[in-house]
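Please view the sequence and the structure together while reading.

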Amino acid sequence: MDPPSVSAAPRLSWDHPENCVPSSQPTACYQQFAKEALVSSVAKIRRATFLTHMNGTNWPPPPQDEAAPPSLSPLSEISVILGDQSTLQTPDVLSQPVSDLSRQGSGQTIVDPLDVSKPQRPRRSRRMKRFSSRWQSRGSNGSNSVPAPTLDKLTKRKHCKLLGDQSLIQVSNSNQRQRYVTKDGKCQVNLGPIAEKRRFLSDIFTTLVDLKYRWFLLVFSLCYVLTWVAFGLIYFLGAWIRDDIAHYGDPQWEPCFEKVNSFLSALLLSLESQRTIGYGSRMVTAHCPEGVILLMVQSIVGSIIDALMVGCMFVKISRPQQRAQTLIFSKHCVICERDDNLCMLFRIGDLRESHMVDAKIRVKLIKSRQTKEGEFIPLEQSEINVGYETGGDRLLLVEPQTITHIINDTSPFWEVGAERLRKETFEIIVILEGIVEASGMTCQARTSYTEDEVLWGHRFESCISLEKEAFRVDHSAFDKTFEVQMSPESAKERSDRERKSSVSSQ
């Protein structure tokens, strides 16, 4: 006996499974029930995933007496949400994507859920995966060991993204701050809009030399082409005004510009005259003085352009900026004890056999501070003494040199110890200047060290060894350091302790 047909079945839900009334198709009721159950479960999973990443905890939490499973498929996640009721459904139906179940209303065939001979592979919906990974911060490993302040900041930023404010999202792999000077010596300062750009034209030579090569070559070419075209146009107008073009080929006519009957021929006359090619057929005759004066003006203008462009090209090619590529600095700056003094050390070296002449070293400290009156001074520059009084700043850069800054009461690091060094924010700029031996031009090389690149309680390894009749430099040990046992006290604390010990001994 066939079961009675139902015209309109009520909406199915997990709470009222008895509403499912068999219809003419044996699996139609079951498929409709499974579809609505899966849609409801996916919505719960998405909501739970959102709350999980917002709170920085894994969801669902594993039981206390059992180990957490390595991964949860969509079926297992639904089972966790629905509890015992999820056992009413067949796993293969729940593992189907929502898009497959939504096709049953359009007349497409749906796989019979009772057929378990070919179990489907459970997989997470791609859309749901993108949604869940969108809220996970970069570098997160899924652990719960997140500090409370960091968690609050991340939660606040994610709330901002939920509200649509994309400008407030600043999630990055690391908290690296902006450097003032990069390790290769480039200054990270962008000049704002300059109103008086005519100042650059007053120093046209430096402006041309500072141009990039593509723009410099464009200006170089345009200077010649424009002068050729300009004087060619003047030659053509002169020939047209004097009727040389109308009487072209007339043996009785005395032209001012020989063999000029079009603009192209006038352009060839301008090119041949300025570049002194002189093929012999096209020329300025002596029948018009204005043609001779025009030729003299063009020769002077061409000489000025040659001197300017060739000079700029020579200076641009011979600039000693590339010489700085063979001047190297150590990757780190170290603080250690030397001759009972707390010192800051770093290394410099030259890779070429042609040495720098009159090499000098300067060191600057870049640090923002606030005055007693409340004024904020950004990027204040202060000097770090590396031996100005004793001549230690003048170097004979034949082998790698270790530059020493003695931390005394005049040093900006007088009150900086190992603990305070981790909390400080500063940048040390090292500037090496010298004369290139080959060209005689001044060269400058720069680098910088941030507070993270200053190692407390380290020393440099030796990179000089003695060979037969010479010394050998091992550049592989140029950046190597080793740790030494040293007190974390600052130079001021050391001085106070020694003073107290001397007083107590008396």
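Helix axes are lines fitted to C-alpha atoms over the stretch in contact, and angles run from 0 to 180 degrees between N-to-C directions. Helices (H or I, at least four residues) and strands (E, at least two) are DSSP runs, numbered from the N terminus. This is a predicted model, in which local features need pLDDT of at least 70 and side-chain atom pairs count only at pLDDT 80 or more, while totals for chains, interfaces and linings use all residues. Residues are numbered from 1 along each chain as its sequence is written, and side-chain values use heavy atoms, with hydrogens and water left out.

**The chain as a whole**

The chain contains 13 helices and 16 strands. Of its 506 residues, 31% are buried, where buried means under 20% relative accessible area with a 1.4 Å probe, protein chains only. Contact means heavy atoms within 4.5 Å. Among contacts with a separation of 6 or more, 66% join residues 24 or more positions apart.

**Two annotated spans**

An unreviewed UniProt entry lists residues 215-241 and 292-315 as "transmembrane region"; such annotations may be inferred rather than shown by experiment. The table gives the computed content of each span.

| Span | Helix | Strand | Distance between end C-alpha atoms |
|---|---|---|---|
| Residues 215-241 | 100% helix | 0% strand | 38 Å |
| Residues 292-315 | 100% helix | 0% strand | 35 Å |

The axes of H9 and H10 come within 8 Å and cross at roughly 125°. H9 and H10 are therefore oblique to each other; angles under 35 degrees count as roughly parallel, over 145 as roughly antiparallel, 65 to 115 as roughly perpendicular and the rest as oblique. Residues of H9 that meet H10 include Tyr224, Trp228 and Tyr235, and those on the H10 side include Phe263, Ala266 and Ser270.

Helix H10 (residues 263-274) also crosses helix H11 (residues 289-317), at roughly 60°, with axes that come within 9 Å. H10 and H11 are therefore oblique to each other as well. Ser270, Ser273 and Gln274 of H10 make this contact with Leu295, Gln298 and Gly302 of H11.

**Tyr235**

Is Tyr235 buried or exposed? Tyr235, which lies in helix H9 (residues 213-241), is buried, with a relative accessible area of 0%. Leaving aside neighbours within four places in sequence, its contacts include Phe257, Leu269, Ser273, Val284 and Leu295. The C-alpha atoms of Tyr235 and Gly291 are separated by 8.1 Å, although these residues are 56 residues apart along the chain.

Notes
Buried means under 20% relative accessible area, exposed over 50%, partly exposed in between (1.4 Å probe, protein chains only).
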